[in-house]
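Look over the sequence and the model before reading on.

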Amino acid sequence: MVLDLEKLELKKGSHEQNETQMCVMEAVSFIAGEPWSDSPRCASPVIAAFLRTYNDSVNDEVRQSLKQYIPRLIGTRGSDALEERRSLIAADWLVRTHTPAWLRLAGLKVQAEALESLPEIASMKQVPSIKGPIKAAREAAAAAGAAAWAAAWAATGDAAWAAAWAAAGAATGDAARAAAGAKLKPTVDALQATIPALIERMLSAEE
């Protein structure tokens with residue numbers, strides 16, 4: 001199917017089939033000629049799951065940056081081993097990039113460095129060894145009563161900034177929301193800057 005990516009404006013959420021409003025994964029199904037869906041059979045389920053959440057978590061401007069991946073996602077569905085590898089890449093980002101960023105915002109530098117210093121998560125066999133540092137970081141954050149960390153931890157499995165902005169928006173009054181958003185924005189922006197490299201790693205992953 002032909003789709004003018006220059007004119008396309010990606011939207012948040014799911015949509016009825018049409019040629020003007022779609023999320024990033026619906027666009028993939030459209031171009032691939034598959035039945036309308038945000039879970040096209042031709043695409044990696046791991047990357048698709050990540051992009052569905054990211055598509056709905058960011059603002060309109062950032063969302064448009066995902067258009068470049070639409071044609072590249074076609075044919076990326078891989079074997080169980082390849083999808084596990086992609087899952088580990090995402091898990092490594094979550095543990096060694098995403099979580100330390102929120103720990104630092106909460107003033108927990110030691111805990112952030114402890115996670116950053118972990119070896120790359122490249123095998124499920126490593127999972128038991130990282131549970132200790134993660135548990136320690138979580139307990140330290142809970143003891144510190146860190147609102148930013150609580151918001152980020154609640155989003156495990158999702159895009160962290162979605163919960164962070166929700167926490168900021170929960171503040172009473174426009175001035176309070178602006179202040180909370182200003183505090184969170186540098187961390188949100190820094191994490192978003194790491195996303196292209198993460199997507200590229202998952203796209204280029206091998207068994």
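## Aromatic rings and charges

Both Phe-50 and Trp-93 are buried; buried means under 20% relative accessible area, exposed over 50%, and partly exposed in between (1.4 Å probe, protein chains only). This is a predicted model: local features need pLDDT of at least 70, side-chain atom pairs count only at pLDDT 80 or more, and totals for chains, interfaces and linings use all residues. Residues are numbered from 1 along each chain as its sequence is written, and side-chain values use heavy atoms, with hydrogens and water left out.

**Aromatic pairs**

- The structure holds 3 aromatic pairs. Rings of Phe, Tyr and Trp (its six-membered ring) pair if their centres lie within 6.5 Å; planes under 30 degrees apart count as stacked, over 60 as edge-to-face and the rest as tilted.
- Phe-30 and Trp-36 pair edge-to-face, at 6.4 Å centre to centre with 80° between the planes.
- Phe-30 is buried, at 6% relative accessible area.
- Phe-50 and Trp-93 also form an edge-to-face pair, with centres 6.2 Å apart and planes at 85°.
- That pair links distant parts of the chain: Phe-50 sits in helix 2 (residues 45–57) and Trp-93 in helix 5 (residues 80–105), 43 residues apart. Helices (H or I, at least four residues) and strands (E, at least two) are DSSP runs, numbered from the N terminus.
- Ring pairs join Phe-50, Tyr-54 and Trp-93 into a cluster.

**Salt bridges**

- The structure holds 9 salt bridges. Each is a side-chain nitrogen of Lys or Arg within 4 Å of a carboxyl oxygen of Asp or Glu.
- Asp-60 bridges to Arg-63, with the closest N and O atoms 2.4 Å apart.
- Asp-60 is partly exposed at 45% relative accessibility, whereas Arg-63 is buried at 2%.
- Arg-86 and Glu-83 meet in a salt bridge of 2.8 Å, N to O. Both lie in helix 5, 3 residues apart, about one turn of the helix.
- A network of salt bridges links Arg-85, Glu-120 and Arg-201.

**A buried charge without a bridge**

- Glu-26 lies in helix 1 (residues 24–32).
- Glu-26 is buried yet has no salt bridge; the nearest side chain of opposite charge, Arg-52, is 9.4 Å away. Lys and Arg count as positive and Asp and Glu as negative, while His and the chain ends are not counted.

**Cysteines**

- A search of the whole structure finds 0 disulfides, a disulfide being a pair of cysteine sulfur atoms within 2.5 Å.
- Cys-23 is buried at 4% relative accessible area, and Cys-42 is buried at 15%.
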